[in-house]
Amino acid sequence: MTEKTQKEPLFHVVKRDTVSRRKEWTIRAVAIISALILCSGIIAMFTGDNPVEIYRSIFLGAFGSERKTWITLQNISVLLIISLALTPAFKMQFWNIGGEGQVLIGGLASAACMICFGEKLPNGMVILLMVITSVAAGAVWALIPAVLKARWNTNETLSTLMMNYIAIQLTAYYIIVWEVPKGSGKIGIINQNTAVGWLPNVGNKYLLPIIVAVIVTAFIYIYQKYTKHGFEIAVVGESRNTALYAGIKVERVIVRTMLLSGAICGLAGLLLVGGINHTVTTTIVDSQGFTGVMVSWLAKFNPIAMIATSFLIVFMDRGASEISTAFGLNQSFADILTGILLFFIIGCEFFIRYRISFRTGKEKH
Amino acid sequence: MSEAAVSFRRVTKTFGSVIANSNINLDIKKGEILSLLGENGSGKTTLMNMLAGIYYPDSGQIYINDEPVIIKSPKDAFDLGIGMVHQHFKLIDVLTTAENIVLGLEGRLNLKDTEKKIKEICDKYGFEVDPQKKIYDLSVSEKQTVEIVKVLYRGAEILILDEPTAVLTPQETEKLFKVMRNMKADGKSIIIITHKLHEVKAISDRVAILRKGEFIGDMITSESNEEQMTQMMVARHLFLNIDRKKPVNVKPRIEVKGLTVKDPAGIYKLKDVSFTANSGEVLGIAGISGCGQKELLESIAGLQKVESGSVLYKPDDKEPVDLIGKDPRQIHEMGISLSFVPEDRLGMGLVGNMDLADNMMLRSFRSGKSKLFTDRKTPRELAKTVVRDLEVITPSIETPVRRLSGGNVQKVLLGREISSHPKVLMTAYAVRGLDINSSYTIYDLINKQKEGGTAVIYVGEDLDVLLELADRILVLCDGEVSGIVDAETTDKNTLGLLMTKKGGAA
Amino acid sequence: MIDLVAFIPRAIQQGIPLMYGSCGETITEKSGNLNLGIPGVMYVGGISGVIGSFFYEQSCAGKGMNGALAIMIPLACSLLGSLLMGLLYSFLTVSLRANQNVTGLAMTTFGIGFGNFFGGSLIKISGADVPSIALSATSGYFSRSLPFAGSLGWFGKIFLSYGFLAYTAVVISLLTAYVFKHTRMGLHLRSVGESPATADAAGINVTKYKYVATCIGCMIAGLGGLYYVMDYACGVWSNDAFGDRGWLAIALVIFTIWKPDIGILSSVLFGGLYILYLYLPTGMDHMELKELYKMLPYIVTLIVLIITSMRNKREDQPPQSLGTNYFREER
């Protein structure tokens, strides 16, 4: 009898057992750098400029002046807060893509306080009310999908998505109720003359969100790593059976964690409306509820790494905006570049989790 | 040579550093029923998976009808007339029986013709199948029938059945054997993987024995006896020499009365189960897998929805309390020290992605001084103790437990569970997949617990171990207690009979 | 009272992009891929068609346009654009096993950015003083209805007054439903989405099915974008005009419990809900109520989602492996 051998495939995908931190981050860095090179190629194609010049523009766009630097830091802070808010939920495998709606409804609540009590209550009272209502509104908006999930296992990705649009329409409704002047379809700057309900300047007008972001980062880091709640979240995310075995009430953890998520989202809404824009529009969150999902996931739900990922996205966004203004391209150019960057980072995870082993071709007998 | 349907020649398969099959030479003749016998982890399923195209051998050659063949996918296997019925059924719940049977085939889909052909097969061999029923409406044995019909529908001449009887009642087993004989009469070659000797005797023409991945030998079934087979299977004579001390200071600890459990589909999993587990004693639980062992332990641990009945916990100095309706946390808060080593170690007992230290606090993380923060020091100390005392092999206590080997995972789990000095310790298949040394470590630990006055409930599958480790053995059959026997005065045959006979006289 | 003869055709026109989107997403989801990138894909499908027809119209400036080419060029561009998006998604999630939710969201960011960027650029090239591009000539071909439709009264208006892409959507949905139910391909696709391991063991090429289903799904969804610009919007592209229809299409998949034939009627129903605010009386003083009426499709979807999860019927559940990637050696 003769033996028959077959040509095995050229390569073979194997799950990595372990990967050192260093290797992990090297792979990510390579991916980011490749993405940046590709992006600069694309930019060069549209603008005819050389890549070095392009990166100078991107950098100047983000950090070109003191004001630009502050705005960049402020944007990072807001995105970071939203991402952090979503993180505990993701950690327990609850795909909350309703950050958009939770932030917006928080912002709407702030705006409501500013408009309705602006002339009736002292500034301090209004701000206090804003804080309470926006946090509560965000929490309620997150609570609904959480309860549905806990009670009937309703798919949370889809229910949170729907909650976003309900929030948007609710905001659109109130914008028309409160519009100034009538028929404009806009609210305009609220309390422009009295500045009631405007969150106080700390140092300068950009610093407040940054401070809040630092506090929230530290809070979420400690919450996830050192508290009993954080431990419960981690167990629920790993396995429901284990959670039951450990005596953890899964439903309660889902609801509690989503309340926290929503509350922090509401806080972000408060910052956007009361601290930064002093008005509310249906697009004020600017898809950061979705971007936050990616920021959080790219950082592997690690709050400290999230500083880096949110920085990367905001940096790219502002840099690309600068380029588009300079070369007369439109603002959406930034989204394309962000998309490309994301694709590379998403794709590179494969090389962290798996190893490709090539067949050497030698057969042992 | 000409009568061999399948020949393995020098077939070797390794998984990482584990040798699953080493240099196997084995023939399966045309028109015979061959039993492939061996203990858990002896490499039976791996070998057959290579024939079915699930794995590809590292070296060696498989021949079908004396032709060298390459089987690199299940499809290749079908094309060669090989069909395997896996232990875990590969069926899709929301599809119908007929749809499942034709899954993966080519050509136009014509379910009418399919149904006709299914009926022909059923009539020929004596199956009963409703082609239009959805899989989720079928019982386990019906699902198995579908799997067999599926294989025959593809024109298989060589059938592999991986522990088909593990999930069947005796009546169903008998029915299956009848069908197998019909298939054999039709000229088909059948390989049945099993570790039940009486079934080997009942059905097979020849028996081949594997041990630790190696082919030990084969013999004609009618010319051999169970003694010989066992010897070849385990290499040494069956005296495990587990050091069993006489129970002392025996007091009723857990009293189960009329426990009845139904699964979500409304099928009885436990029916009117009553027994007492005593302190200072090991109560063994025997039974064919899936006969309610899991539900029984989980009912006591507060993880199972119970239809009726009670589980009384009897402390030394206080009034008994009923554990039914309490969750594990409430049981813990009542001050009852009840430990449970579940069957699914990494899916229930431990969190695979967490390190040893974190896993140590899985059941106790609520204790500690702070209301908000977890106490991280105590679990670390505990992890170190467990690693040292039970000789757990791990790079560090910061290593995720999923990266440890099966035996070490079990040591971590058991180590944690006994660290709380439990009054009651329940273990499910505590030595499954473990090597001999690790197994003995586990037996020792269990015996020490018993000597310390713990009531131990040990669910096991190896009857020899049950007979030497347990003081009394409760036998479950189809969710009912078919007998409670004294381990010292009983033997394997009695147990075997009780396992397959419902409500039999003990 | 609502004038049904006027309302129904508008509801249908609103429903067609949703029908394309949900049918495409259903096919994708049946393979176990939850593609949250569909909104982006529909933008790309739309803008690719616009780009194609823009350059064709420019090249024919003054001269007469060939009707067949005027349809074929945008159609081919649109299909190609969304095919590339489908390939991207499949490559990342199937070959590289990336998280489906994150990949989908990134695709939506990218796709909407892509649409608005090229839309904006074309607007600049065309030098229009309004922020939109009008391709009325091409649109004329796309929205041409049957010549005798006008002479059949209300019947013609309700059933025959649409461009060919509207009927194509219905045909594709019916065809998809047929393929799911009655063909081997459909059977295999469903099994891949339910349990890829089982399908794999049965000799079905899981990777191939996932790739093909996702790409075809994206191409169909992309046509929804094309229909929107060329027919519904009369060839006028303006940035962000397509709005959130992509997300609504994803919601519609649940609403139709993964059945494209039910999708035909539900799309029209959703289309109706989407524009119902135009027909509900608010009075001049309460225009804001219209914004609340716009909430209807989302609230209805949420309610359907809750009801199906409460009933928990086996047939109405999402494909079992939805959202997870398959790796054979991971058991």
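1. Two residues are in contact if their C-beta atoms, placed from the backbone, lie within 7 Å. By that rule, the contact between chain B and chain A takes 27 residues from chain B and 21 residues from chain A. The elements of chain B that give two or more residues to this side are β4 (59-64), α10 (328-333) and α11 (345-349). Helices (H or I, at least four residues) and strands (E, at least two) are DSSP runs, numbered from the N terminus. The residues on the chain B side divide into 12 nonpolar, 7 polar and 8 charged. Here Ala, Val, Leu, Ile, Met, Phe, Trp, Tyr, Cys and Pro count as nonpolar, Asp, Glu, Lys and Arg as charged, and the others, Gly among them, as polar.

2. On the source: this is a predicted model, in which local features need pLDDT of at least 70 and side-chain atom pairs count only at pLDDT 80 or more, while totals for chains, interfaces and linings use all residues. Residues are numbered from 1 along each chain as its sequence is written, and chains are lettered from A and ligands numbered from 1 in the order in which they are written.

3. Chain A also touches chain C: 36 residues of chain A are in contact with 41 residues of chain C. On the chain A side, the elements giving two or more residues are α5 (123-152), α6 (156-178), α11 (288-298) and α13 (333-353). The largest share, 12 residues, comes from α6(A). By class, this side of chain A has 22 nonpolar, 11 polar and 3 charged residues.

4. Chain A has 13 helices and 2 strands. Its C-alpha atoms fill a box of roughly 95 × 60 × 35 Å, taken along the principal axes. Of the 365 residues in chain A, 52% are buried, a residue being buried if 20 or more other C-beta atoms lie within 10 Å of its own. Among contacts in chain A between residues at least 6 apart in sequence, 78% join residues at least 24 apart.

5. Helix α8 (residues 228-238) of chain A has 9 of its 11 residues buried, so it is largely enclosed by the rest of the structure. The buried residues of α8(A) include A:G230, A:F231, A:I233 and A:E238. Their cover includes α3 (66-91), α7 (207-226), α9 (240-245) and α10 (250-277) of chain A.

6. The axes of helix α1 (residues 21-47) of chain A and α13(A) come within 9 Å and cross at roughly 150°. Axes are lines fitted to C-alpha atoms, for helices over the stretch in contact, and angles run from 0 to 180 degrees between N-to-C directions. The angle makes α1(A) roughly antiparallel to α13(A), the term for angles over 145 degrees. Residues in this contact include A:E24 and A:R28 of α1(A) and A:F344 and A:F351 of α13(A). By class, the contact has 14 nonpolar, 2 polar and 2 charged residues.

7. In chain C, the axes of helix α3 (residues 67-95) and helix α10 (residues 206-232) come within 7 Å and cross at roughly 140°. The contact of α3(C) with α10(C) has 16 nonpolar, 10 polar and 1 charged residues.

Terms used: A residue is buried if 20 or more other C-beta atoms lie within 10 Å of its own, exposed if 12 or fewer, and partly exposed in between; C-beta atoms are placed from the backbone. Angles under 35 degrees count as roughly parallel, over 145 as roughly antiparallel, 65 to 115 as roughly perpendicular and the rest as oblique.
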